[in-house]
Amino acid sequence: MNGLDLAGLPVVKPMLRSRWPQLLVTVLALGGFVLAIVAGLSGTPVGNRNFSIVVVWIAWWALLILVAVPLLGRGWCSVCPIPAPGEWLQRGAVLGPRRARLGLGRRWPRRLRNIWLQNAAFLLVVLFAAVVLTQPLVTGLLLLSLVLLAGSMSLVFERRAFCRYMCPVGGFIGLYSQLAPLELRVKDTAICAAHRVKTCYTGNADGYGCPWQVFPAGLRKNTNCGLCMECVRTCPYDNIAINLRSFGADLHRPGERRLDEAYKAFIMLGSALVYAAVMLGPWGWLKSVAYAVGGWHWFVYAVAFLVGVLVLLPTAFYLAVRLGHALARSESEPQRSFLHLAYALVPLGLSAWIAFSLGFVFANLSYVWPAVSDPMGWGWNLVGTAGIPWTPYVSRVVPLLQVTVLLAGLTWSVRVAREIAAQVVVGRSTTRAAGLVLPLAGFMFVITILFLWLLV
Amino acid sequence: MANSLTGRAKLLLGLAVVLVALMPIPVRQAGSAERTFRVEAGNYAYSPSVLSVDPGDRVTIELVATDVVHGLHIEGYDLSVSADPGQTARLSFVADRSGSFRFRCSVTCGPVHPFMTGKLNVGPNWLLWRTVGLALLAVVVGIGAIKR
């Protein structure tokens, strides 16, 4: 269902074509990002008094996972400050296109054109999460490393190689952007086919060629579109639409499913489970183990985490697929079904992250006001909010929100599994489809119960 | 494309959802017993970390901080207490709300402070059990909503 084309609205169109609104938000975000790095490196080591921890891991994370990703997909990527300095260097400009460019402009290696590196980068951050999320110095170093890595990659490789293939955050935003009710697509592919120059990919005087290395006419899902709006600017035929659509429309495209993304779904689901247990569970020993980076307890934790997320969870799902095949008397390849059906975990994964985030965001949100007024934790009171005491917000409502989100995610995932089963495995036989989906629904049910047990 | 759930099935499922979500559950009043817990807080953990009482009990938590200043804030009840190192602080209240409530440290105690948590269970966690029932129904709806 394609609905309203936002890019066609007279009010919105000039704002999308102009670089100024996007630049302003990016510069604001970059200011906050730089402050987070400075506060992380030189401010108080007390996490909940330091701007870097509070604003990045509470305020920004809340905006990202509770609002931006579910509603805008990759909307954050369009204003993300991390690649901005490198991109400006690469382009030799902050605003419009210029001929003079810096950097080697090399193509990203073919064998790395997938999100396996992003999966690894995300796992690396998650393994150290207990330290990253609580120690300002580590957060500062992480943010600084990300901006330096993004900058270096911009000077060696063409376009936004970092965002597309390396960013630990971009990988899961891409996965979950498939659920968003917003998409950038071409209006008429015939126009693109007839357009010989393909300015959306090569760029012209009005804008850059797609920084995400995507040919818009080939877009079938949101995963790799960074919503940077360059193609809106460069298309001479006004053939780019920003459509409002139904939630999760991308999950029904069988030709676009890949193993690296399927694994991302498992990584995200498993990581949310571990985060919920470590950070919100009542087990102090588990927090100590996750925090004691480098010790042998931590190594056991790291190995258990990796085995759980990369082996046990996918294996359990694969066994459910095999059982479903037996019940449905399907002759399809189970491996192929596994790949396709893993995408059914995407709604449950996002709902799990939202439910987990609700559990700590509202409890800790009041730390934001003192941190904004005293970002370094040095006793300043810049905007008069340094003295606001810690107060958990809406703590009576949060459990209800969590169960609602988890139930919605479970229902959605089971339905998607059913649709994918009918689409690629068992055809139009409703009985066989139900047989195939039954064990998968059982898998999802067990995962949901685990989250419920941990969170409410 | 027709949905395979008939009108009657939808009605039954809807009734089941309402029943599981809203059915009143008789609260077992076990009497207003006095329950006292000595809770040690140290190294980002509470010991014991899970407290279980019956609805209506008069609960006293004796909070003992073993390393630095720690607090204990019970979500849902919005009650707090804090204890200096080596000191005992008391929090008394009537457990008049059923369910499972997270409690967390309310005084900055170190890096892992925001994640120093425990749980207070007051009677059965009906929100959890109701949601388990609803999750089962969600699976039925998900499988049943088959398009032909």
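## Interface between chains A and B

In this predicted model, 44 residues of chain A are in contact with 37 residues of chain B (contact: C-beta atoms, placed from the backbone, within 7 Å). On the side of chain A that touches chain B, two or more residues each come from α13 (259–280), α14 (284–291), α17 (345–364), α19 (398–425) and α20 (430–455). The largest share, eleven residues, belongs to α20(A). By class, this side of chain A has 27 nonpolar, eleven polar and six charged residues. Nonpolar covers Ala, Val, Leu, Ile, Met, Phe, Trp, Tyr, Cys and Pro, charged covers Asp, Glu, Lys and Arg, and the others, Gly among them, are polar.

## Chain B

Chain B has two helices and nine strands, in the sequence order α-β-β-β-β-β-β-β-β-β-α. Helices (H or I, at least four residues) and strands (E, at least two) are DSSP runs, numbered from the N terminus.

The radius of gyration of chain B is 21 Å, well over the 15 Å that the globule rule gives for 148 residues, so the chain is more spread out than a compact globule. The radius is taken over C-alpha atoms, and the rule is 2.2 Å times the number of residues to the power 0.38. Along the principal axes, the C-alpha atoms of chain B fill a box of roughly 70 × 40 × 20 Å.

## Conventions

Residues are numbered from 1 along each chain as its sequence is written, with chains lettered from A and ligands numbered from 1 in the order in which they are written. Local features need pLDDT of at least 70 and side-chain atom pairs count only at pLDDT 80 or more, while totals for chains, interfaces and linings use all residues.

How values were computed: Two residues are in contact if their C-beta atoms, placed from the backbone, lie within 7 Å.
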